[in-house]
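Here are my notes on the model you sent over. Have it open while you read, and go through the points in order.

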Amino acid sequence: MDRGRILILGNSKESSFELRNLFDNHRFELEIALNKEIGKTVLSSRMMNLIVMHTETINEESEESTEFFSYLTGRGISLPLMVLGEDADSCSEKIDYEGTVACFEKPYPVADVLDYLADL
């Protein structure tokens with residue numbers, strides 16, 4: 001994915017910037033959303049190539065967590081989804097999404113993440 005657009009979605013500045021730092025030295029256009037509502041706004045106004053979510057956005061106990069995936073499905077958005085963070089593999093069970101989902105646990109295997117991006 002050369003010069004692709006990546007939406008980074010976290011629930012805090014810390015988690016969002018942690019993810020941004022993985023991609024910052026590469027040739028991607030990065031959009032950062034500090035919550036799902038901002039993420040929806042970005043997705044409705046810009047063409048993106050990938051959604052990257054921190055596990056904290058999926059593990060939270062709220063209706064908003066599942067509503068985001070319903071929003072994507074309702075809009076016909078099936079972008080690849082990358083989940084990064086603690087217990088990323090177990091988070092995949094909580095994701096009701098029709099697009100492809102890749103999970104990478106912390107500490108991040110940067111080479112594997114970049115190989116995944118190159119295959120998109």
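**Notes on the fold**

1. The protein has six helices and five strands, where helices (H or I, at least four residues) and strands (E, at least two) are DSSP runs numbered from the N terminus. Along the sequence they come as β-α-β-α-β-α-α-β-α-β-α.

2. A word on provenance: this is a predicted model, with local features needing pLDDT of at least 70 and side-chain atom pairs counting only at pLDDT 80 or more, while totals for chains, interfaces and linings use all residues. Residues are numbered from 1 along each chain as its sequence is written, and side-chain values use heavy atoms, with hydrogens and water left out.

3. On overall size, the radius of gyration (taken over C-alpha atoms) is 13 Å, close to the 14 Å from the globule rule (2.2 Å times the number of residues to the power 0.38) for 120 residues, so the protein is as compact as a globular protein of that length. Its C-alpha atoms fill a box of roughly 35 × 30 × 25 Å along the principal axes.

4. Five strands form an open sheet in the order β2-β1-β3-β4-β5, with parallel pairing; two strands count as paired if DSSP finds at least two bridges between them. At the edges sit β2 (29-33) and β5, each pairing on one side only. Neighbouring strands are turned by 20° against each other on average, direction ignored, with axes fitted as lines to C-alpha atoms (for helices, over the stretch in contact) and angles running from 0 to 180 degrees between N-to-C directions.

5. Helix α6 (residues 110-119) packs on this sheet and touches β3 (50-54), β4 and β5; contact means heavy atoms within 4.5 Å. The direction of α6 makes about 170° with that of β4.

6. What joins β4 to β5? Five bridges do, between β4 (residues 81-85) and β5, and the two run parallel. Met-82, for one, has Ala-102 as its bridge partner in β5. Strand β5 (residues 101-105) has Ala-102 and Phe-104 on a covered face, whereas Val-101, Cys-103 and Glu-105 are on an uncovered one. In a regular strand, side chains alternate between the two faces of the sheet.

Methods. Buried < 20%, exposed > 50% of the residue type's maximum accessible area, 1.4 Å probe, protein only.
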